[in-house]
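Hi everyone, thanks for coming. Please have a look at the sequence and the structure on the screen, and then we'll walk through one chain together.

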Amino acid sequence: MFGPKCSTGRRRDFVEGTLRRLAGTMEYATRADDSAEHAGLLQQIDPRVKLGGFLLLIVAAVTAQRVGVIAGIFLAGLLLALLSGVVRTLTKLWIGILVFTGAIVLPALFTTPGLTLWHLPWVGWAVTAPGLHSAMMLIVRSETSATLATLMVLTSRWVHLLKALRVFRMPVVFVVILGMTHRYIFLLLQIAQDFFDAHRARRVGRLNPAQRRHMAVSSAAVLLNKSMQLSSEVYDAMQARGFRGTVYTLDEFRMKGRDWGMLAAFVSLAAAAFWMGKQ
Amino acid sequence: MHIPDGYLSPTTCATLYAASTPFWYTALKRVREKLSTRLVPLLSVCAAFSFVIMMFNVPLPGGTTGHAVGMGVTTIVLGPWASMLAISVALLIQAIFFGDGGITTFGANCFNMAIVGSLVSYFVYTTVSGRSGITSPRRVFAAALAGYIAINVAALCAGIEFGIQPIFFHDATGSPLYAPYSLGIAVPAMMLGHLTFAGLAECIISGGVIAWLQHSNVALLKATMPTDDLALGGGWRLTRPFWIGLAALMIATPLGLLAAGTAWGEWGPDDFEKPEVRQEMAAASNQIAPPEKVPSGMERLASTWTAPFPDYAPSFLKSASLGYILSAMMGIGLVIVVGLFGERVIRLGKPEVKPNMAS
């Protein structure tokens with residue numbers, strides 16, 4: 001999330017660390033693709049409804065100023081996750097956010113001025129009511145927003161989400177760039193993974209710190225070089241197929257009864273949250 | 001540095017979306033003009049590179065690792081405008097698909113990393129590298145410094161965005177509704193990690209990749225060379241969105257008159273004597289009453305300078321709204337005059353160089 005992601009490199013080689021991150025990203029993408037194919041409730045809903053509905057609910061969760069209202073949106077998200085069969089994938093996310101945001105807001109319990117609720121034993125630090133309220137707001141809000149955004153991705157195929165962006169008048173050129181970027185991310189991830197795997201297979205003994213830095217830098221530079229070559233090749237291929245700068249997408253979405261129903265549910269929930277979430 | 005949803009208020013998010021929009025517009029227009037049909041494949045692949053580079057762990061002195069954003073490298077290879085777009089696309093995919101960074105905070109993340117990061121990288125790199133040769137070691141130093149400073153300025157922006165939340169967005173009891181830490185905590189907390197680990201990672205990646213390209217593929221470094229004909233400038237046509245935005249903001253300045261309450265910390269010595277203002281001060285300060293007497297230091301220093309238009313209300317204008325607009329016009333005019341004067345001073349004694357900024 002935010003802040004540098006640092007780890008002690010003495011126990012774990014940086015090559016292992018990078019490989020783990022690359023593999024983790026690819027695994028997440030595969031899992032998201034698989035879960036989008038399940039026969040759950042949200043998987044059958046028109047991607048335009050999901051995109052609009054979830055964005056509306058995220059804005060409602062960010063705008064609401066009452067913990068109860070945000071928690072209500074979270075419960076609605078949880079219900080949708082249960083009906084769509086993606087709760088297991090979301091559990092990891094919830095734990096991650098709880099640990100991350102919890103660590104960030106922990107000091108706020110003691111540093112926010114206000115009415116003292118109780119003192120920590122031994123150290124005597126005072127937990128204040130505004131500190132506790134503020135910490136709860138941030139945790140519940142982060143969990144809710146992340147749940148809704150992830151739910152949208154886990155129940156939709158990426159290509160369908162991209163097409164749905166056109167509903168919001170996003171320029172078609174951006175939609176195409178997003179689609180191509182998504183595809184090339186996996187190609188470049190694979191290339192990067194191959195670098196590190198090949199290096200690990202050929203390595204004997206341990207690298208010293210300067211050699212490790214040299215390897216990280218040269219891998220990044222080679223990847224950049226390959227990216228630029230790839231861009232030229234893709235351009236040539238596009239030209240060969242008749243691309244002249246104008247891009248088109250196929251929009252074959254059709255709204256059905258259940259899509260309208262879900263749209264009504266999203267709008268009603270968001271309207272209620274906007275109204276009840278005011279102070 | 002990827003700010004998740006929920007940490008910034010909707011007002012802050014909307015403001016940063018609005019601040020980023022003219023940059024995206026100008027960048028897209030500029031890049032489209034230069035790249036034409038190459039735009040789609042080049043930006044897609046560069047955004048993918050920007051995404052993947054954020055996954056790289058970089059070994060740092062002391063046995064730790066950090067990860068870079070790659071804003072320095074992307075800017076030097078693509079130029080700042082294309083870099084803004086490539087990093088923005090990468091951030092959008094991270095936000096939507098991988099949940100790294102929020103959707104409501106996407107504008108803020110782009111403002112910090114894609115826009116501020118790219119512009120700072122460009123200006124530091126071009127200023128420090130000057131007219132040195134394409135394979136000069138000075139360019140490696142300039143790239144390393146550009147990456148280090150850019151990521152730290154971006155982190156500072158994020159720290160300020162976090163730090164202003166409890167000041168402006170809290171409930172009636174004073175509980176912060178969003179990021180809970182004040183500027184005094186948020187800025188040092190953000191900067192500590194970036195001045196050390198993340199800054200070093202960005203510095204190593206930027207300097208190292210440029211050094212590698214100097215030996216292996218010099219052509220990729222031409223975009224930000226002084227002789228390149230791809231320029232930052234472009235006259236009125238390219239800067240038009242900024243001027244229109246500025247004019248809109250200027251016209252909207254009287255909206256401040258509608259705001260209820262008092263601007264925290266902007267009180268004058270005479271405000272301490274007015275009971276209604278004292279009440280507002282207490283309400284804005286968590287119900288802590290202001291001192292009975294005017295602080296002596298404030299009283300002494302308040303009289304050292306008398307503003308020609310106190311409270312944005314020139315004495316010769318009766319309408320408060322017109323006073324605000326006139327003050328905004330004068331303020332903007334003064335900033336432009338000072339900027340032009342500064343530019344003239346910096347250029348004194350230097351040979352005429354065509355301004356440059358790639359793509």
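Let's begin with helix H4(B), which has 18 residues; at 1.5 Å a residue they should span 26 Å, and the end C-alpha atoms are 25 Å apart, which agrees. The expected span here is 1.5 Å times one less than the number of residues. Helices are DSSP runs of H or I with at least four residues, strands are runs of E with at least two, and both are numbered from the N terminus.

Before I go on, a word on where this comes from: it is a predicted model, where local features need pLDDT of at least 70, side-chain atom pairs count only at pLDDT 80 or more, and totals for chains, interfaces and linings use all residues. Residues are numbered from 1 along each chain as its sequence is written, and chains are lettered from A and ligands numbered from 1 in the order in which they are written.

Is H4(B) buried or exposed? Of its 18 residues, 18 are buried, so H4(B) is largely enclosed by the rest of the structure. Buried means 20 or more other C-beta atoms within 10 Å of a residue's own, exposed means 12 or fewer, and partly exposed is in between, with C-beta atoms placed from the backbone. For chain B as a whole, 45% of the 359 residues count as buried. After H4(B) comes B:Gly99, with a positive phi near 65°.

Now zoom out. Chain B has twelve helices and two strands.

Next, a helix pair. H3 (residues 71-78) and H5 (residues 106-129) of chain B pack at about 65°, with axes 9 Å apart. The axes are lines fitted to C-alpha atoms, for helices over the stretch in contact, and angles run from 0 to 180 degrees between N-to-C directions. That makes H3(B) roughly perpendicular to H5(B), a label for 65 to 115 degrees; under 35 is roughly parallel, over 145 roughly antiparallel, and the rest oblique. Among the residues that meet are B:Met71 and B:Thr75 in H3(B), and B:Met113 and B:Tyr122 in H5(B). Contact means C-beta atoms, placed from the backbone, within 7 Å.

Finally, how many residues does each chain give to the contact between chain B and chain A? Chain B gives 71 and chain A gives 77. On the side of chain B that touches chain A, H2(B) has the largest share, 13 residues.

Key:
Two residues are in contact if their C-beta atoms, placed from the backbone, lie within 7 Å.
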